[in-house]
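Please read them with the structure open.

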Amino acid sequence: MAESVYKVIELVGTSSESWEKAAAAAVERAAQSLRELRVAEVAQMDMVLEEGKVTMYRTKVKVSFKFESGG
C-alpha cells in the first residue's frame with residue numbers, strides 16, 4: 001500500500017445561526033477548491049457581540065486533505 005501525506009489548514013467559518021452552520025460553511029467552501037478532504041476538526045468557537053447580543057457565530061476548523069506533489 002502506498003503511503004500518503006496530508007496537509008492541514010485552518011479556516012474560520014461564520015454563521016448568524018449556529019456554530020455548526022459556521023463549521024459547515026468553512027468545510028463546504030474548502031471543498032470547492034480542495035480535493036480529497038479527509039477530516040475536519042473544530043479547534044475553537046467564539047461569537048461576535050454587538051450591544052450585548054450575539055450577532056455572529058464563528059468556528060475555527062482544521063481541515064486535512066491529501067497532499068499531491070507536482071511531479
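1. Two strands count as paired here if DSSP finds at least two bridges between them. The model is a predicted one. On that criterion, three strands form an open sheet in the order 1-3-2, with antiparallel pairing. Strand 1 (6–15) and strand 2 are the edge strands; each has a single partner strand, so one side of each has no neighbour in the sheet. From one strand to the next, the twist averages 15°.

2. The pairing of strand 1 with strand 3 (residues 53–66) is antiparallel and comprises ten bridges. Within the sheet, S15 stands opposite Y57 of strand 3.

3. Helix 1 (residues 19–31) lies across strand 1, strand 2 and strand 3. Relative to strand 3, helix 1 runs at about 40°.

4. A40 belongs to strand 2, which covers residues 37–50. A40 and A26 are 14 residues apart in sequence, and their C-alpha atoms are 9.5 Å apart in space.

5. M47 is also located in strand 2. M47 has a relative accessible area of 39% and is therefore partly exposed. Together with L49 and V54, M47 makes a nonpolar surface patch of about 260 Å².

6. E36, in the loop between helix 1 and strand 2, has a phi near 55°, a positive value in a residue other than glycine. E36 is partly exposed, at 36% relative accessible area.

7. Which loop holds E51? E51 sits in the loop between strand 2 and strand 3. Its phi is positive, about 55°, although E51 is not a glycine. The relative accessibility of E51 is 83%; the cut-off for exposed is over 50%, so E51 counts as exposed.

Conventions: Residues are numbered from 1 along each chain as its sequence is written. This is a predicted model: local features need pLDDT of at least 70, side-chain atom pairs count only at pLDDT 80 or more; totals for chains, interfaces and linings use all residues. Side-chain values use heavy atoms; hydrogens and water are left out. Helices (H or I, at least four residues) and strands (E, at least two) are DSSP runs, numbered from the N terminus. Axes are lines fitted to C-alpha atoms, for helices over the stretch in contact, and angles run from 0 to 180 degrees between N-to-C directions. Contact means heavy atoms within 4.5 Å. Patches are made of residues with over 30% relative accessible area and no salt bridge: like charges are joined within 9 Å, nonpolar side chains (Val, Leu, Ile, Met, Phe, Trp, Tyr) within 5 Å. Accessible areas come from the Shrake-Rupley method with a 1.4 Å probe; for residues, only the protein chains shown count as cover. A salt bridge is a side-chain nitrogen of Lys or Arg within 4 Å of a carboxyl oxygen of Asp or Glu. Buried means under 20% relative accessible area, exposed over 50%, partly exposed in between (1.4 Å probe, protein chains only).
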